[in-house]
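Grab the model and work through a few exercises on how its two chains meet. Each task comes with a solution in steps.

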Amino acid sequence: MSDRILGACAFLLGVLYIWQATVIEESFLSDPVGPKAFPIIIGTVILLSSAYFIWRPDTEPEWPAFGRLAEIGFAVAVMVGYTMALPEAGFVVSTAIAAAFLTWRLGAHAVAAVVAGIVTSLGIYVSFHLVLGLSLARGPWGF
Amino acid sequence: MDTLSALADGFAVALTWQNLGLALLGCFLGTVFGALPGLGPSNGVAILIPLAFTLGLPAAPALILLTSVYYGAMYGGRISSILLNIPGDEPALMTTLDGHPMAKQGMAGEALALSGIASFVGAFFATWGLVFLAPQLVKVALLFGPAEYFALFTLAFATLGGIASRNQAKAAFAAALGLGIATIGVDGQTGVPRFAFGEVHLYDGIDFLVAIVGLFALSEVFVFLEHRGTSKEATADSMKIGRVTPPMSMLNKTWGAMSRSTIFGFVAGVLPGAGASLGSFIAYTFEKRYSDRKGTFGKGDPRGIAAPEAGNNAAAGGALVPMLALGVPGSGTTAVLLAMLLALNITPGPLLFQSNPDVVWGLIAALFIGNIMLLAMNIPLVTMFVRVLLVPPKYLMPAVAMISFVGIYGISGSSFDLQVMIIFGVMGWVLRKLDVPLVPVILGVLLGDQMEKNLRRALTISDGDWTVLFASPLAIGLWAFAILGFVAPLVVGRYFRPKIADETKAEGADPD
């Protein structure tokens with residue numbers, strides 16, 4: 001079933017992709033092939049493979065239970081939040097919080113996770129910014 | 001003898017304090033990445049690329065650092081295979097079969113030492129193979145026109161799908177997905193935006209480093225979240241290793257296995273789309289058929305350790321041949337190395353040998369030096385790496401994720417790129433669950449631009465006549481191999497694939 005869903009998604013993707021390829025505006029200065037042909041070839045490969053997924057699906061993969069899926073979704077949310085917090089709160093604070101959260105969700109005790117988050121963040125800050133001179137996001141406090 | 005004098009010049013490049021230091025650092029980090037389950041050569045190198053790039057390392061030192069990581073990971077993977085029965089990375093899968101039983105018999109130290117020596121033998125001779133084979137391949141590649149290059153890229157995707165994958169349709173889909181991603185952005189030849197949907201950030205296209213780090217490194221974090229608590233953790237008890245020297249009799253018994261496996265591994269590495277996992281698999285299977293007369297394989301036979309370790313290290317060297325000489329990587333990690341070169345505006349391929357001989361030969365010389373460093377690190381100092389295994393992944397994986405973010409942020413300084421990277425991370429996880437291989441996706445993202453450019457160049461020359469793609473004997477030969485590589489595995493069955501990789505470990509394993 002999972003493969004059939006993949007096939008349906010791939011089919012839609014292929015159709016959408018080819019359709020988008022056909023509406024590419026061509027400039028008057030073009031080579032014989034133009035910007036459309038290669039994407040249309042790729043789109044065709046996607047459509048062919050999607051047909052195969054639907055026709056002959058593989059055995060079902062082991063999907064994690066709903067709780068685990070939510071866990072992954074939550075981690076994604078934290079990471080997206082992290083990317084938005086970076087320019088506002090600076091590297092050290094945002095990284096400490098994000099790393100602490102991930103460590104906690106991976107099964108560490110809450111206190112240990114907070115410590116690990118701070119250590120990770122400071123460790124990266126010291127080694128990459130202070131020692132190697134990489135530019136990291138700067139917050140209102142200068143770090 | 002041109003080759004040897006070029007190699008001597010290479011040693012002059014590699015023997016600076018900076019490059020030696022980078023090789024040492026790379027070997028150390030590589031062994032650590034290889035040893036830790038979940039981190040392997042391709043995501044280890046992927047995490048380090050943005051860092052090497054933002055630190056402003058020139059091409060030769062950057063490449064020395066990263067290939068040392070690559071070689072190092074091939075050494076490191078065996079440590080957890082032997083001690084914990086968990087492969088540290090995918091190529092080390094076969095080493096568990098005899099390595100762990102040997103450790104259980106109290107011979108862990110001997111097993112580690114023997115596998116270290118086998119790794120050295122494989123890597124050392126494969127690097128010599130690289131020295132002599134790559135310039136020959138360059139001579140052929142100089143005859144290639146755009147049509148031949150287009151056929152060559154197709155060949156790489158076809159064999160990647162045919163040999164190294166379980167399901168051809170999924171490999172084809174993965175390649176098309178990668179190529180499709182590569183077409184996003186302003187078309188280089190006509191200047192019209194494609195698939196950008198008016199989003200300014202997309203006009204530049206999607207940075208392949210973002211895609212690589214997302215697909216390889218971040219998806220690994222999600223796999224860990226999914227399997228939290230179910231994986232075995234290392235205990236200090238399983239880390240007792242005893243003496244770390246192999247008895248002479250054991251070396252005498254295994255040198256045949258090592259030399260045969262080196263040859264098989266090297267050939268497997270040179271074939272496009274095969275890589276180190278296949279190298280170690282073929283080496284082990286052949287050795288088992290050839291010399292397992294008493295049925296000792298799988299019960300702790302030293303030859304069963306020497307064969308896959310020599311095989312995977314030889315394949316790692318072999319895989320560099322097509323990457324450097326043709327610009328077509330044969331495996332996941334060499335694809336990532338190709339990304340490094342492209343990010344530095346260096347186009348690998350035959351011209352690399354002419355325009356940047358210092359990069360090529362400096363790199364090869366560094367591989368020889370690194371290999372000796374690795375031998376030294378992996379025999380007397382192996383206990384140090386064994387301790388690394390005691391660091392629980394729950395502390396390690398968040399750090400990996402954060403370092404990935406740091407690297408990408410260092411390049412572009414944009415939150416948008418980080419968000420795209422998260423999308424790739426999730427996509428990588430879903431594709432892994434569905435058994436869609438990630439290496440063709442990466443290869444597509446990397447090569448899409450070149451592939452399209454060559455197609456359009458060929459057709460511009462022929463003024464729109466598509467038969468030009470099949471006009472020269474060289475091109476026809478490449479197409480024939482492409483079709484053969486894609487179809488033959490369907491016909492001759494699944495002989496070329498690690499059977500045990502099918503069942504459990506494959507989804508979580510890091511591609512080489």
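**Exercise 1.** Work out how many residues of chain A are in contact with chain B, and how much area is buried.

*Solution.* Start with contact, meaning heavy atoms within 4.5 Å: 67 residues of chain A touch 62 residues of chain B. Next, take buried area, the accessible area (1.4 Å probe) that two parts lose on being put together, summed over both. Chains A and B bury about 5,400 Å² between them, and 78% of that is on carbon and sulfur atoms. Phe38(A), Met79(A) and Leu106(A) supply 14% of what chain A buries against chain B, more than any other three residues.

A word on the ground rules: this is a predicted model, where local features need pLDDT of at least 70 and side-chain atom pairs count only at pLDDT 80 or more, while totals for chains, interfaces and linings use all residues. Residues are numbered from 1 along each chain as its sequence is written, chains are lettered from A in the order in which they are written, and side-chain values use heavy atoms, with hydrogens and water left out.

**Exercise 2.** Count the salt bridges between chain A and chain B, and find the partner of Asp58(A).

*Solution.* Look for a side-chain nitrogen of Lys or Arg within 4 Å of a carboxyl oxygen of Asp or Glu. That gives two salt bridges between the chains. In one of them, Asp58(A) pairs with Lys170(B), with the closest N and O atoms 3.0 Å apart.
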